[in-house]
Structures are given as structure tokens and as C-alpha cells.
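Reader: Can we go through the charged pairs in this one? Put the structure up and keep it quick.

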Amino acid sequence: MLHPLPDDLLKLPHRREVPFARLTTLGVGGVCHWLFEPTTEAEASQFVRTCHREGLEFRVLGGGSNLVVLGDVTAPVLRLRLPFAVECHGTEMTAPASHGHIALAEAAAQAGLSGLEWASGIPGSLGGAIRMNAGAYGHEWVQVLIRYRFLTPEGELIEKAPEPGEFQYRKSWFGREHVVLSATASLVEGDPARIRAQVAEYRGRRGTSQPLSKRNAGCIFKNPPGASAGRLIDAAGLKGMRVGDAEVSVEHGNFLVNLGHARAEDFAELMAQVRDQVRATHGVELEPEVEIWR
Ligand code: FAD
Ligand code: EPU
């Protein structure tokens, strides 16, 4: 049942009935009934304050590259569309949360700043990367993050430095209704040719180990302590297992790919089967790495 939204919310830029297949890299999910796309921080803040005032729950969407959406979402969804501006002060780089993550890593490389080479193959937005504490090849955001700005669920704007324990392996302290607005990384001056070579090396490794030509949401499960989920799934003989058009990638066991016409239910069922089989084979409980919206 769709409830009418208050007039002041409806004055903000929004779209109706957008399929999540178009909003996520996995390409499945139901319909996003209300997609709010503020183009300024003031509009984002008004959205959050109005939802809070009305007791309306909302969701925050970035590039949709770490999401499995299982059905329609009637709650308003916020996707920032802030101006595409990167600021450099010396070796500090600040960008709005809606900035493309790969484009940000490229901007750092262009500026001769080292410290984000590992990020050059991770899609989505900067906001999603901060929220997930995205990482690769022994690096993660918290190692370079020196400041971030966000809205509380009540709409208060806070700027702070990260504190110990706020960001861990693929998780952060943020709740569902915190909105990251921008983040600042502390980088170091580097030799542009070496930075480019490092980016190319990471991209090459990714290209040979991950199924980048098919729709996916990155790794589906977290690596259990001291182990690799991909190796466990592979050793259980699950590569190539299918439910409908959802498949355990034959290239990397921890990627589920959409072969074309998969449905959200197919991915939910395939995830459940993989967990069951890994538990039965190895006695290990896999925990989802992706965010699941029901
Ligand atoms: P979304 O998927 O849109 O959202 C993810 C979570 O972040 C949700 O909880 C959402 O509510 C929250 N969120 C999004 N924006 C904001 C915001 N502004 N404020 C507050 N919360 C927000 N991840 C890695 O860590 N390492 C990898 O190597 C990696 N490789 C990948 C490779 C491929 C091919 C793909 C498809 C994905 C990969 N991922 C990887 C997963 C994914 O790209 C990252 O988790 C990414 O940082 C998610 O960003 P997003 O903007 O797409 O977030
Ligand atoms: N392996 C297999 N079979 C497979 C997949 C992997 O045997 O099907 C083996 C590999 O040969 C390797 C080991 O498992 O010895 C680890 O594999 P890989 O190097 O591909 O790394 P990973 O642990 O599977 C992690 C992150 C990735 C990140 C890479 C590179 C997690 C869950 N995954 O993958 O992040 O890109 O390291 O740093 O932490 C993501 O978070 O979405 C993601 C893709």
C-alpha cells in the first residue's frame, strides 16, 4: 500500500516507478516507487528532515553495485546527484559522495596523487565506498580517510575525522538512515608513471580473476577470518551452479552473475543453496557481503 508523501517532499527532484534492474549492477529487483535525487546538500538535508518529521523510513542508494534488491521498495529512496567536483588542497582530496568511485581514483592518479590506486576497479559511488569501507589488494578506505561529512537520521550535518572502530572489514558504524555527503582522503605525491603502472597492474589482476563482462554485485559473501569465500565455494564444486539465469560464476566462486534474465528470487535461492553447501562441505557459515533490501 503506497502512502501519499507530504507536499514539501514532493517539491524535491524525484522520479516514480523506476525498476531496480536499472539502478543496480546486478540488474534485478522490483520497482523503486519513489526515487529522490537531490542536486544540492540543502535538498538532501530537507529530504532527511522531512522524512524524520513525518516518521517516514527511507533508504540510501549509491551506484547500486553492492545491492541485491528482493522486491518492490515503497519507502522513499535517496540517491544523491551532487555537482561533480573534486577539490585538491595539497595532497588532500575531497569529493561529494555521489562522485563515481572509479572516476575519483582516476582523478587522483591524474593529479599525481598516490593512495587510491587499489580503488580504480571498484565501481559505485564514493558514498557507498565509505559506507562499505570498500577495499582491495590489502587496502581499504579507512586507511586514507581523514574527514567525512554526513547527515544524521534527524538531518543534522556533522563533519568529523574517523575514530578507531568506526570502519572495519566491509562495514562501518553508519545506520540505514545516515547519509554520507562528502569525504576527504589524505594521499601522497607520487610519480605519475608509477601510479598509472600500479593501476594497470591491479586492473589486470581483476580482469583475469573476476567476471567483469557479466552483471554482478562484486563478492557476494565476506571472506571468513583467515579464509577465502571464493576458494571455499570453488572447492565445494559449486562454480557453474544455476538457479534460473543466476549463476555461480565459473571465473570466481564468490561472484554470482546474471546471465541475462535472472530474477531477484533466483539470486536469493542461489545464495541460500551456496551457504547450505559450503556449511555442509566445510562447516563454515558464510555471511553476505552485499546489502540485501527486502
Ligand atoms: P550501493 O550498492 O548503492 O549501496 C551499498 C550500501 O551503501 C547501502 O547500504 C547503501 O545504503 C549505502 N550507501 C550508498 N551511498 C551512500 C551514502 N551517500 N551515504 C550513506 N550510505 C550510502 N567492493 C569492495 O570493497 N572491493 C572490491 O574489490 C569490489 N569489487 C567489485 C567489483 C565489481 C565488478 C562490482 C560490481 C562490485 C565490487 N565491489 C567491491 C562492491 C561495490 O562496488 C562496493 O561495495 C561499492 O563501494 C558500493 O558502492 P555503491 O555506491 O554502489 O553502493
Ligand atoms: N580462489 C579460488 N577459486 C575461486 C576464487 C578464488 O581458488 O573461485 C582463490 C584464489 O586463487 C586466491 C584466493 O582464493 O588464492 C583469493 O581470491 P582473490 O584474490 O580473487 O580474492 P578474494 O579474497 O576472493 C577479495 C575481495 C574482493 C577484492 C579482491 C582483491 C572479499 C569478499 N573480496 O576477493 O572484493 O576485489 O580480494 O583484493 O573481501 C568485493 O568486496 O565485492 C570484492 C570483489
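Author: First, the terms. Helices are DSSP runs of H or I with at least four residues, and strands are runs of E with at least two, numbered from the N terminus. This is a predicted model: local features need pLDDT of at least 70, side-chain atom pairs count only at pLDDT 80 or more, and totals for chains, interfaces and linings use all residues. Side-chain values use heavy atoms, without hydrogens and water, and residues are numbered from 1 along each chain as its sequence is written.

Reader: How many salt bridges?

Author: The count is 25. The rule is a side-chain nitrogen of Lys or Arg within 4 Å of a carboxyl oxygen of Asp or Glu.

Reader: What does Arg53 pair with?

Author: Asp8, at 2.8 Å, N to O. Arg53 sits in helix α2 (residues 41-54) and Asp8 in helix α1 (residues 7-10), so the bridge ties together parts 45 residues apart in sequence.

Reader: And which residue does Arg170 meet?

Author: Glu289, at 3.3 Å, N to O. Arg170 is in the loop between β13 (167-168) and β14 (171-172), Glu289 in the loop between α7 (264-282) and β21 (291-293), 119 residues apart.

Reader: Is Glu289 buried or exposed?

Author: Buried, at 6% relative accessible area. The cut-offs are under 20% for buried, over 50% for exposed and partly exposed in between, with a 1.4 Å probe and protein chains only. Arg170 is partly exposed at 21%.

Reader: New topic. Where do Arg279 and Asp276 lie?

Author: Both are in helix α7, three residues apart, about one turn. Asp276 is partly exposed at 41%.

Reader: Which residues form a network?

Author: Glu41, Glu92, Arg147, Arg149 and Glu159, joined by salt bridges that share partners.

Terms used: Chains lettered and ligands numbered in written order.
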